[in-house]
Amino acid sequence: MNKLAKLFITFVSAITLALASISSSFAKVEDGMIVLGSAISLTGKYSSNGVHTQNGYNLAVDRINKMGGVKVGGKSYKFEIIYYDDESNPKRAAQLAERLIKQDGVHYMLGPYSSGLTKAIAPVTEKYKIPMVEANGASRSLFTKGYKYLFAVLSPANQYLEVAIDLAVEKNGGKPVKIAQAFEQDAFSQDVRLGILDAAKRTGSKIIIDDKLPKELNDMAATLAKVKATKPDVLVVSGHTKGALTAIRQISEMKVDVPMLAMTHCDAAKLSKQHGKKSEYALCASQWHKNLSYKDKFFGTGKKYDKDFKKEFGYAPPYQSAESSAALLVFKDAFERANSFDRDKVRDALKATEMQTFYGNIKFGPGGQNTAKPMILFQVRCKGDVCENKVVAPTKWASDKFFHPIPPWSERG
Amino acid sequence: MEKVKQKDLILYSGLIILGLAAPYLFSAFKVQLTYLCVLIVLAMTWNLQGGEMGYNSFGNILFYGLGMYLTASVQVGMFFPLAEWTESGGEKTFVHTTAQYFQGIGVGLLVSAIIPAIVAGAIGYAILGLRGHYFAICTLGLGIAAGEIAGGIEIIGAGQGFTTPPFPAEIVDVEARGKFFYFLSFFVLVLAFVFVKYIYGSRFRLILNAIRDNEDKAEAMGIQTMKYKIVGWMVSAFFCGLAGGIMGGLIGYIDSTDVAFDGREMGVFMVLMAILGGKGTLWGPIIGATLFHFFKEGLWTFILGWQYVALGVLIVVIVIYFPEGLMGWLREKYPERFGEVIDEKDRKSQVELK
């Protein structure tokens, strides 16, 4: 046998040995630690929201650990999270979920950011019967697959902007409205679109523009040109953070006048900071707002959470962070009620969750979605140069009146 | 073809045994091993027209994505209405029985190999007249366009994505799915290897090389270059389609631009792997894909958030220090070894000399 072949065989056997020695998986609960796994978008198109999610998780882990950890069987355990970067790519996410479960021995998962990635991970966690509490996958189709180990602390995506259409109809004196809409081609935004379609049907409204926007959304001038020409009553845009930023940037550049602008992800995009007065009057769907009156013993109220989060990370928490923190509270609660690390017992405990957190009430429906918490709408309002998100619906928490219609650009300073 | 030499026989049977035993030896790494098989198939078949024929294609991802969508569509469409399955937020649940699942994926994979090959033939007829950079840019456009188009077709889920049928629940063993996809991909790998190896021993490869080295001269020699170029690309497409079909089933969720027509990742990786290992060689793409996969899986974990910087550095290092790939570098360093490995007559004469 020649040298090259020998070298090759040595190489292969070395790798074989190395792999075989590390393939035995670690225990999921060791040294008083409960290890959770999560694939998070730290790079790629969802990187900003991925970081919001991760910050939310980390803040809650710190807080719970500091306040005594999780008590199971009379012993106190601390949370620890293993993160991988899924690169905003479903293929990578599915692979990493497998890796977390099989190689790192994780028995409990936290969700990734975005519906598409959650859709890719859910079949894996389901296969291995790993309970996953997710905070950022809102697509309705996640909850119609009969998944038994998937729990979402948020309201499904189709509920995001339905209310906005009702509001537009109400402002139009109960008469149907003309809707222009543009949605990114991804699972979440397309689900928001379904919600609008339902609302349009219900109210008899007409959809006059129905555009699809590419991922990596940087330009929607074509849609806006059409909006300028056809003058709809309401413009709906959804495309994660980039969609919100692009919409405001181009609407102000092109001076598009539309009486009502409904969007998602305004707070994650820090619209009121980044675009200031240009973003005024934008109506945004949100899972959470700091002014809501929920509370829990870990974070106190929403306002307190807002303060603590700002102190830790230097920016106001978008709802993506709040819901992520809530996911940890749900896990802690379930572990303590199950009083066991048996995965099926934990799953049953999760299923029976009924609690209040600073983020909202949480109770899981049959598909795993949170049925106890309504969506809210806020509107960006400015005083001088300082812009803020003011809750306008539902009326129970509304701090301000909904301002309608948006004044034309010619009258805006 | 000459009869397989004893040394090769040992090597091949060793590799096959290793391949068959791998999912049992490294049970936890089944998914990564499946990826490895698929990556090798992609690199090896890209090398056929990229390395041997000299037509650098960034568009092979088109066939990969096509295969993925086709397999999933056939697997669903054979038993249920496809439109209702993919309907975004569809409330209905359809469940494949075990038999349906395997019949579906079998037929699906067959379709996913044949149709991309036909498509490659049709597109190839149109664009293989382009040469050099023009061809590369044109194929780059193909992959991107396919992603955007697929993202607009409702029946395959459009922007919502396409959830492929879940592995039958009646099979209780949680390892079964991993094993199934591993062996499937390993089988395709062996198939692709045998085929490529056969091509390496045939006149067809010499013609492809002639096209690469001087197309006009090849034409002047009476070779119908267009015909061979098309066939070469069709072979690539055939295996890319198969690889895509397997990946679709393995990932479980198809997204138009991020999973299927993923030119930014898979499309670039297959080129990179072939170049890393050394294009225009039989083993180069295989070694390249393996090293690349190890590098990716190993380093990605430790440099969280910086992996693409590392990948960029890797590309720069490859281009500067190994422009001919690892095999090219080795060949330059130890030409006599390569004489032994590649050219049988030469090997014998070398042995006699010793």
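Where in chain A is Pro394(A) found? Pro394(A) lies in the segment after strand 18 (386–393) of chain A; helices (H or I, at least four residues) and strands (E, at least two) are DSSP runs, numbered from the N terminus. This is a predicted model, in which local features need pLDDT of at least 70 and side-chain atom pairs count only at pLDDT 80 or more, while totals for chains, interfaces and linings use all residues. Residues are numbered from 1 along each chain as its sequence is written, and chains are lettered from A and ligands numbered from 1 in the order in which they are written.

Pro394(A) is joined to Ala393(A) by a cis peptide bond, with omega about -5°. Most residues other than glycine have a negative phi, and most peptide bonds are trans.

Lys255(A) sits in the loop between helix 8 (240–254) and strand 11 of chain A. Tyr281(A) sits in the loop between helix 9 (271–274) and strand 12 (283–286) of chain A. A residue is buried if 20 or more other C-beta atoms, placed from the backbone, lie within 10 Å of its own, exposed if 12 or fewer, and partly exposed in between. Lys255(A) has 12 such neighbours and therefore counts as exposed; Tyr281(A) has 20 and therefore counts as buried.

Strand 11 (residues 261–264) of chain A contains Thr264(A), which is buried because 27 C-beta neighbours lie inside 10 Å. Thr264(A) and Leu161(A) are 103 residues apart in sequence, yet their C-alpha atoms are 8.0 Å apart. Beyond four places in sequence, the contacts of Thr264(A) include Leu161(A), Val192(A), Ser238(A) and Cys284(A); contact means that C-beta atoms, placed from the backbone, lie within 7 Å.

Chain A as a whole is divided into domain 1 (29–155 + 291–363) and domain 2 (159–286 + 375–411), with bounds from an automatic or database domain assignment. The centres of these domains, taken over C-alpha atoms, are 29 Å apart. Where they touch, 19 residues of domain 1 of chain A are in contact with 18 residues of domain 2 of chain A. On the domain 1 side, helix 2 (47–66), helix 4 (115–127) and helix 11 (319–338) of chain A each give two or more residues.

In chain B, helix 3 (residues 60–77) packs against helix 6 (residues 132–150) at an angle of about 25°, with axes 8 Å apart. Axes are lines fitted to C-alpha atoms, for helices over the stretch in contact, and angles run from 0 to 180 degrees between N-to-C directions. Helix 3 of chain B is therefore roughly parallel to helix 6 of chain B, since angles under 35 degrees count as roughly parallel, over 145 as roughly antiparallel, 65 to 115 as roughly perpendicular and the rest as oblique. Among the residues that meet are Ile61(B) and Tyr69(B) in helix 3 of chain B, and Leu142(B) and Ala150(B) in helix 6 of chain B.

Conventions: Contact = placed C-beta atoms within 7 Å.
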